[in-house]
Amino acid sequence: MAEPSSPERVVIRSHGEKQDEESQRVHSIQNESTPDHCHTPSTIDEHGLEDNSQVPRMSYLKLFWFFFSNFGLFAWGGPMAQIALIKDKLVIQDKWITLARFQRVFSVYQILPGPEAAELCMFFGCLSAGRIGGLIAGMAFILPGFALMLLSSYLYTLAGFHNKYFNASFRALQPIVAAMILRATHKIGDHCFRKHGTGNVDPFLVIAAICTAVNSALRINIFISLTLYGIIYMFIARRLWVPAAALFILQYVGYAIYVVFRGVPPPVALALGIAKTPSLINLFVLGLVAGLLSFGGAYTAIPFVQVEAVLLGAWLPQSVFIDGLAIGNILPAPFVIFVTFVGFQGAYLDGSIGNAFAGAIIITLGMFFPCFVFTILGHSLLEKLVRNKFLASFFDGLCGSVVGFIAITAAQILKFSVAGSRERINDKSIAAAVDATLQVGPAAVLYMLALAVLYKFTNKYTSFLLMVVGAVAGQFIFVD
């Protein structure tokens, strides 16, 4: 088989001269090496932004093993480490596409909902073997982490919620998870608050985040805030100050009117009520909506799932929910894999292991369905949508707003992880009060130490090592 030609050998017509015979032969090879059903432009620009000539054609089985063995098994350290792994292998080493093209592709998936690393695998799979190849590459990347989370969920159930050694390790992990979420909120905000052109912090996006956090405290539904600040920022981006200010004021006027006639909204007003019970269909819808909301990474899905499952549905204890986040942090998988744990524990309420596995699978399908659909629809179409200035400013406002919602959730999880369960807090006995006091201090110390480590060290294995150390420390700190 002829070896694919590199982009540098392509000669573009210049000063009216015709392409020579060698140029035409290279162009012919390029067309043959690109699947017909993938995005194949008619011309190649000078930066190689549309060139697929280096992308190898793989059989479906070979493609699956390539992404499974190179990326799925080594997806440790969170999204940035996963993206760096994909970039180093496919762009720097194997040169499937140019670095300039990779940066443009990545910018598209940063705006869309879903884990960017999985979406990048789907994109490269599509380049190699069409839309089916994109589906196979995405599944190969997700499968190892999904299998490990299924196993972890099952072992978590077998260990029992009343095993003191088991609970001691997870009690220590809860404040560490709270520190990770706060650190992630900072990282997401640092990215979402910056203007695309200059890289400077946009004060209007910071205000959107703060106001969304205030709205959450006022118990205004998150979808109202996200939509509202997306629209407001569209007006601001076009310097339409009057309609932007009018919308901003009207949200609180409307809230005041609601409070006068209906009273302060209850805490469950923050939820949609799509999973009041963990039936299989409800779990699928919960995963689907969470997947559609995961702008800026998996941490956006955390508050939504928490509100639906813990606050409104009340079928998942807060402590178990945080334990699922802890497990998700140490597996080689996109962090949204924590929903597999949520589905397993929710569907296990009837005591059926078979139903628990079904719940875990169905909620995971819902979570990843949007990113599979968006990616396999075609990158060129997505790029046109996200590069539309009208839509881009809406997404900017939405992403800025969502940081405020994550920040509120980070604070709630911090409060619970340090103070402990509500049952222990409400127990008025002297023994319970002493026990709670003895646990709050060490939990607070673990939180501060974990936060310091996360800010000091940025290695991709930092989170994993924190989890291991925390699990061991729990045996010494919280075992009676």
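# Notebook: a helical chain, looked up piece by piece

**Overall surface and fold.** I began with the accessible surface of the chain, which comes to about 22400 Å², with 67% of it belonging to carbon and sulfur atoms (Shrake-Rupley method, 1.4 Å probe; for residues, only the protein chains shown count as cover). I am working with a predicted model, where local features need pLDDT of at least 70, side-chain atom pairs count only at pLDDT 80 or more, and totals for chains, interfaces and linings use all residues. Residues are numbered from 1 along each chain as its sequence is written, and side-chain values use heavy atoms, with hydrogens and water left out.

I then looked up the secondary structure and found 19 helices and 0 strands (DSSP runs numbered from the N terminus: H or I of at least four residues for helices, E of at least two for strands). Of the 480 residues, 51% count as buried (under 20% relative accessible area; exposed is over 50%, partly exposed in between, with a 1.4 Å probe and protein chains only). Among contacts with a separation of 6 or more, 72% join residues 24 or more positions apart (contact: heavy atoms within 4.5 Å).

**Helix H12.** How far apart are the end C-alpha atoms of H12? I read 19 Å for residues 318-330, which agrees with the 18 Å that 13 residues should span (1.5 Å times one less than the number of residues). H12 is largely enclosed by the rest of the structure, because 11 of its 13 residues are buried. The buried set includes Gln318, Asp323 and Asn329. Its buried residues pack against several helices, among them H5 (116-159), H6 (164-192) and H11 (301-312).

**Helix H11.** I turned to this neighbour next. H11 reaches 16 Å from first to last C-alpha over 12 residues, close to the 16 Å expected. H11 is mostly covered, with 10 of its 12 residues buried, including Pro303, Gln306 and Glu308. Just after H11, alanine 314 takes a positive phi of about 55 degrees.

**Arginine 171.** I checked this residue in H6 and found it buried, at 9% relative accessibility. What does its side chain reach? I found the backbone oxygen of valine 418 at 3.1 Å, and a polar atom of the side chain lies 2.6 Å from the backbone oxygen of serine 417.

**Cysteines.** How many disulfides does the whole structure hold? My search gave 0 (a disulfide is a pair of cysteine sulfur atoms within 2.5 Å). For cysteine 399, the closest cysteine sulfur is in cysteine 192, 4.8 Å away and too far for a bond. Cysteine 399 counts as buried at 10% relative accessibility, and cysteine 121 is buried at 0%.

**Aromatic rings.** I counted 21 aromatic pairs (Phe, Tyr and Trp rings, the six-membered one for Trp, with centres within 6.5 Å; planes under 30 degrees apart are stacked, over 60 edge-to-face, the rest tilted). Phenylalanine 64 and phenylalanine 68 are stacked, because their centres are 5.6 Å apart and their planes at 20 degrees. Both lie in helix H2 (residues 60-70), 4 residues apart, about one turn of the helix. Phenylalanine 64 is partly exposed at 26% relative accessibility, whereas phenylalanine 68 is buried at 17%.

Phenylalanine 67 and phenylalanine 71 make a tilted pair, at 5.5 Å centre to centre and 50 degrees between the planes.

Note on methods
Polar contact = N/O pair within 3.5 Å; in protein donor to acceptor, adjacent residues only side chain to side chain.
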